[in-house]
Amino acid sequence: MSMRIDGDVVVGWSGTGHEIVPNGSVLIDGNSIRSVGTERPQADRVIDASGKIVCPGFVNLHVHSQLNVGDYLLTDVTKRDYLSANWFVFGAPLKEKIEPPAPPAVALGRKYALYSALRNGATTVLDPGGGPGALDDYVAIVGQTGGRVFFSPPFRSHDIFTDAEGRHYYEERADKGRPALKVAVDFIKKFHGAHNGRFQGILNPAQAETCEPSLLKESVAAAKELDVPIHIHAGGNFREFLEILNRYRKPVAEFLADTGILGPRTTLGHMAITGGHSRVDYPRGDELKILAETGATIGHCPHKCAKMAFAMESFDQYLEAGVRIGLGTDTYPLDIVSEMRYASLISRLVDRKSSGARAADVFNAATIGGANALGRSDLGRLGTGCKADVVILNLRTTRYGPRRDPINALVEYGSGADVETVIVDGEVVIEKGRSTRINDDELFAQAEAGAKRAWDNWSARDWNGRTVEQIIPPAFPTRRS
Ligand SMILES: [Zn+2]
């Protein structure tokens with residue numbers, strides 16, 4: 001089947017970069033793009049996108065497939081209690097209190113997150129890990145929601161726990177994480193390429209400080225054999241930076257380089273904290289040079305860092321050093337369109353330079369930057385022969401007002417809410433802002449009930465037995481009648 005999209009503006013591909021095609025049309029044949037131009041060739045179906053911008057599907061390099069239960073805690077506990085801030089708020093539980101979530105709760109979180117990211121314009125997501133278990137179900141959910149997903153279950157050699165006094169400690173796992181690596185490898189062997197290639201494997205050694213060097217080396221060998229990319233969290237918080245420095249006497253980028261894990265198909269979730277960061281009492285060495293030379297991509301999540309009151313220093317400085325950058329959301333909202341604005345504004349703030357982090361650079365990061373990190377030159381761009389992953393956004397609203405350059409307008413004013421139509425692999429999966437495949441309202445109601453259950457039971461897992469109300473002070477007092 002063929003489909004033609006007639007846009008006000010199409011973001012086409014010149015072969016080396018994005019280019020604007022006014023009054024452009026995209027012709028889709030099956031699941032790939034046949035042509036982008038100003039002609040109107042015959043097609044079985046025509047989508048009228050007049051007044052709208054037709055973009056390549058965005059790539060979100062950081063979507064944890066879970067509900068936003070932890071995100072509320074994340075923002076508020078951080079203010080005074082760093083050791084239960086950042087990912088430690090849910091990633092460093094009391095050992096005695098761990099109770100794995102029930103499979104229906106895990107499935108719900110996955111479905112909600114993958115759908116939310118897609119609804120906000122990310123046709124491809126990298127999932128570095130959400131809830132545990134029920135792996136066959138995961139692939140079925142990717143089938144239902146309709147996006148392109150890179151995932152396998154994360155693994156690590158060390159766990160991090162909080163003791164009854166609120167102190168962190170790392171503990172080597174008895175199995176050193178090897179069985180979980182094998183589960184990931186077997187999972188990829190079984191499901192890689194499912195749903196007409198929409199489901200793709202990626203190896204997820206969890207975090208730089210929870211994986212010993214030998215496990216990272218084995219991960220690199222396994223990824224090479226499977227021919228899949230790698231993601232690892234690194235440089236995402238100060239606690240980790242100091243832990244790696246203390247253990248290996250080098251900053252995290254150097255540590256990773258020495259394990260051989262850095263390469264053109266490796267994404268480093270965050271890598272915001274390096275030597276020389278204004279909040280780290282350690283000089284910057286060759287870290288950016290190392291990152292640039294190895295070709296690793298930074299999965300930059302500026303909104304998440306801003307929530308924790310820090311920033312990468314900076315988007316522009318990394319780019320100028322030749323470091324490859326993609327964008328991810330990590331925290332909710334899973335809105336890759338707004339993330340471009342955060343990337344741009346925060347870089348300007350850090351560098352005190354109003355002309356920095358230009359719209360073209362952040363748009364590249366959110367499209368080809370992510371696609372290249374995943375080794376996919378057929379994603380993140382609307383070129384002949386590329387996958388038919390397309391996003392249509394409405395720029396003709398009072399929020400935008402009259403616009404001049406469409407990409408500048410999108411970065412300055414846009415949000416995922418402006419996404420009207422999403423096409424993945426040649427199929428319309430979001431139409432008029434709603435899923436064509438699942439019941440959005442039902443999913444939302446289930447998510448609300450699931451989140452309430454999790455919040456109501458939070459004190460059972462908090463190191464100090466605190467309720468959510470104690471951890472998150474309400475914005476205003478509630479009137480009691
Ligand atoms: Zn993460």
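Predicted model: local features only at pLDDT ≥ 70, side-chain atom pairs only at ≥ 80, totals over all residues.
Helices and strands here are DSSP runs, at least four residues long for a helix (H or I) and at least two for a strand (E), numbered from the N terminus. With that in hand, the loop between α10 (302–307) and α11 (315–320) is where Ser-314 sits. Another cis bond links Tyr-332 to Pro-333, with omega near 0°. Pro-333 belongs to the loop between β15 (324–327) and α12 (336–351).

Asn-196 isn't a glycine, yet its phi is positive, at about 60°. Asn-196 lies in the loop between α5 (178–191) and β11 (199–200) and is exposed, with a relative accessible area of 56%. His-270 also has a positive phi, near 90°, without being a glycine. This histidine is part of strand β13 (residues 266–270) and is buried, at 6% relative accessible area.

Next up is the metal. Three histidines hold the zinc ion through their NE2 atoms, namely His-62, His-64 and His-233, at 2.0 to 2.1 Å. Along the chain, the donors are spaced as H-x1-H-x168-H. His-62 is buried, with a relative accessible area of 0%, and His-64 is buried too, at 14%.

Finally, there's a helix pair to look at. The axes of α3 (residues 103–119) and α4 (residues 135–145) come within 10 Å and cross at roughly 30°, which means α3 runs roughly parallel to α4. The crossing is right-handed. Residues making the contact include Leu-114 and Leu-118 of α3 and Ile-141 and Val-142 of α4. By class, the contact has 8 nonpolar, 2 polar and 2 charged residues.

Definitions and conventions. Residues numbered from 1 in each chain as written. Heavy atoms only, no water. Donors = N, O, S within 2.8 Å, 3.2 Å for Na, K, Ca; no water. Buried < 20%, exposed > 50% of the residue type's maximum accessible area, 1.4 Å probe, protein only. Axes fitted to C-alpha atoms, helices over the stretch in contact; angles between N-to-C directions. Parallel < 35°, antiparallel > 145°, perpendicular 65-115°, else oblique. Left-handed = near helix turned anticlockwise from the far one by under 90°. Contact = heavy atoms within 4.5 Å. Nonpolar A, V, L, I, M, F, W, Y, C, P; charged D, E, K, R; others polar.
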